[in-house]
Amino acid sequence: MTLHRSRFTPLMLITALCLFPAVTQAAESGPPDWLPALDTVWLAVAAALVFFMQAGFALLESGMSRAKNAVNVVMKNYVDVCLGSLAFWLVGYGLMFGFNPTGWFGQSHFALIGAENGDYMALLFQTMFAATAVTIASGAMAERTRYQAYLLGAVLITAIIYPVYGSWAWGSAHGGEGWLASLGFIDFAGSTVVHSIGGWVALAGVIVLGPRLGRFGPNGERRPIHGHNLTQVALGGFILWVGWFGFNGGSTGGADVSIGLINLNTHLSAAAGAAGALILLAILRQPVLLTTTVNASIGGLVGITAGAATMDPHFAVVTGLVSGMIVVAGTRLLESLGLDDVVGAVSAHGLAGAWGTLAAGLFLAGDLFNPMQVAVQMIGILAGFLWAFPMALLMYFLIDRTVGLRASTLDEQRGLDFSEHYEIGYPEFQADVLHKGKG
Amino acid sequence: MAVDSRELRRRRRAIFTGLCSLMDEAAAREGLGLWEREFSDKPVYALHDFLARICRQAGLEARRGELHRALVRALSLDEADLAPDPGPSDRGAVPAASASPSLPPGALTVFESLYGGLMEGLVQRQVETGVRVRVMQRLVGLGLPAGLRGQVTDWITGEAAHLPQAVGLEGLRGLLHLTYVAACEEVGPVSADRLLAEAVRVTEKLGEAEVFSPRALL
């Protein structure tokens with residue numbers, strides 16, 4: 001993704017003059033900048049859409065959790081954006097997009113001030129991506145993670161783990177080139193950079209935490225712990241879907257006619273993701289759960305993110321179909337390994353992201369199934385895992401040994417809403433199992 | 001992070017010293033028991049959580065800052081300046097028999113109703129034996145003195161009709177929690193939550209629940 005690239009075509013200029021006279025006027029009279037006004041407007045809208053995805057994550061994750069942990073899940077989603085944004089501004093953006101002479105990390109633009117407007121826009125847009133990456137782990141680690149420990153992890157992810165990999169694939173906007181980018185690695189909007197990295201971090205968190213109390217029986221049998229509000233889950237899914245039009249559409253770096261194809265591919269892949277899950281579940285003669293369907297469409301969205309701009313729509317459908325199936329199969333695989341991923345984030349983001357990145361190489365328009373491109377994609381996928389997973393494993397292990405990552409069983413009994421925040425989401429019907437506490 | 005036993009003893013004395021600056025000895029012993037059971041193996045940051053719990057338990061919310069300073073000061077003192085170790089017989093800080101009146105009226109009846117309700121549901125699922133065994137295996141974690149632990153074991157196995165008062169409020173909470181944890185392991189957390197909620201509903205209809213809320217034991 002190149003934010004410097006200007007694709008301000010004449011047609012768009014006419015459209016801009018008709019639709020946004022004030023904006024173009026401002027562009028004429030304002031200081032010169034590398035990002036034209038209409039591109040800035042589109043990126044600002046796209047950034048808002050990506051930010052709106054946080055609401056989707058919050059609804060989806062809290063809906064998939066038990067009522068006694070709903071507030072905690074929402075609080076994690078809310079505050080990881082806050083702290084993560086600060087960390088990304090201070091450190092992450094510089095590491096990811098700063099001057100990158102070695103190809104391994106950026107070395108400028110930390111705590112960005114006194115920059116051009118285009119830089120500020122880029123920072124805002126990228127901050128939303130960082131916030132997306134970090135929030136993926138919260139759902140996987142729901143219902144048994146200490147709040148402060150989770151937030152500490154969130155800051156480290158947005159400050160270091162996410163941006164360092166990002167600098168390899170997308171660096172840099174300010175000179176130099178990431179080593180993966182120089183190989184020709186394709187990850188248009190971040191199937192791997194954002195989603196797989198978030199998924200691998202989530203996997204590490206799930207491993208260090210261990211499963212929720214009683215999630216698996218003495219002989220390893222699975223015990224489903226259903227979420228408390230499936231309507232909320234569906235609404236979260238819809239909101240994420242809407243937000244993704246900004247996530248992928250905004251990754252053009254500006255107002256661009258290619259957004260039509262990109263967002264069509266995004267939509268088709270999401271729809272195909274759900275269809276893929278339906279097909280696989282029908283073959284397996286398993287019930288078609290709402291949670292699985294929503295997760296599968298998210299898998300489709302994650303999968304197409306790498307190749308949304310570089311593949312034809314029929315391949316977007318294939319990408320989505322396979323993504324949906326991967327979500328179903330991946331969730332079962334994790335359960336069989338005794339790993340308790342509350343919302344299925346590792347499958348929907350980690351595994352579907354890896355597949356989507358591979359698909360971007362396989363289905364590259366005009367250069368289908370090029371083995372060299374596929375090899376580069378594989379290198380990028382593997383590098384993402386080998387960087388993010390061990391780093392996150394080490395980070396959560398150290399957090400666990402110092403601050404303490406896992407909530408106590410008493411806190412699990414009472415629910416993290418009460419034990420971590422002294423408030424509950426549903427006072428009417430939670431009163432009977434609520435600890436007397438302060439009252 | 002593992003702490004050697006000498007350092008653990010020093011911290012134990014320091015916590016006791018700090019607590020004694022604002023509490024009478026019995027309350028300080030109970031607070032020390034809480035620290036030993038739930039916080040002694042946690043990092044130093046957990047002191048804030050301990051402080052919150054002990055202030056709530058002892059009704060010292062308004063003096064939290066004062067107690068915090070006292071604990072921090074005590075933790076930094078040399079061993080020679082610390083209060084003597086309160087002794088192993090108090091470990092677990094379950095009130096001794098002489099302190100049994102500190103158990104609020106109705107607490108034991110309410111507890112037995114909650115526990116009974118929970119176990120009744122587990123009997124229906126034919127897992128009550130497994131739950132009892134798991135609870136007994138973990139009783140040591142409550143930090144009760146050996147004699148008292150034996151009495152509690154007798155009560156769990158049905159050899160004694162009532163729990164001894166000396167088990168204390170924290171002991172009752174701990175025992176109910178151990179039962180909940182064992183229930184989660186045997187029947188899963190969803191069923192365990194339902195059983196506990198049902199036990200609370202039944203217990204709240206008791207007259208004793210008017211004076212001692214079952215929610216105080218959750």
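**Entry 1: loops of chain A**

I looked up Ser172(A) and found it in the loop between helix 6 (147-170) and helix 7 (179-183) of chain A; helices here are DSSP runs of H or I with at least four residues, numbered from the N terminus. Gly171(A) and Ser172(A) are joined by a cis peptide bond, with omega about 5°. I then turned to Glu143(A), which lies in the loop between helix 5 (117-140) and helix 6 of chain A. Glu143(A) is not a glycine, yet its phi is positive, about 75°. I noted both entries because most residues other than glycine have a negative phi, and most peptide bonds are trans.

I record that this is a predicted model, in which local features need pLDDT of at least 70, side-chain atom pairs count only at pLDDT 80 or more, and totals for chains, interfaces and linings use all residues. Residues are numbered from 1 along each chain as its sequence is written, chains are lettered from A and ligands numbered from 1 in the order in which they are written, and side-chain values use heavy atoms, with hydrogens and water left out.

**Entry 2: helix 4 of chain A**

I checked the span of helix 4 (residues 70-97) of chain A: its 28 residues place the end C-alpha atoms only 36 Å apart, short of the 40 Å that a straight helix would reach at 1.5 Å a residue (the expected span is 1.5 Å times one less than the number of residues). The same helix has a kink of about 55° centred on Phe88(A), the bend being the angle between axes fitted to the seven residues ending there and the seven starting there.

**Entry 3: helices 11 and 13 of chain A**

I found helix 11 (residues 290-304) of chain A packed against helix 13 (residues 345-362) of chain A at about 40°, with axes 8 Å apart. The residues in contact (heavy atoms within 4.5 Å) include Gly299(A) and Gly303(A) of helix 11 and Gly353(A) and Gly356(A) of helix 13 of chain A. By class, this contact has four nonpolar, six polar and no charged residues, with Gly counted as polar.

**Entry 4: helices 6 and 8 of chain B**

Among the residues making the contact are Arg134(B) and Arg138(B) of helix 6 and Glu185(B) and Glu186(B) of helix 8 of chain B. The contact residues divide into seven nonpolar, two polar and four charged.

Notes. Helix = DSSP H or I, 4+ residues; strand = E, 2+ residues; numbered from the N terminus. Axes fitted to C-alpha atoms, helices over the stretch in contact; angles between N-to-C directions.
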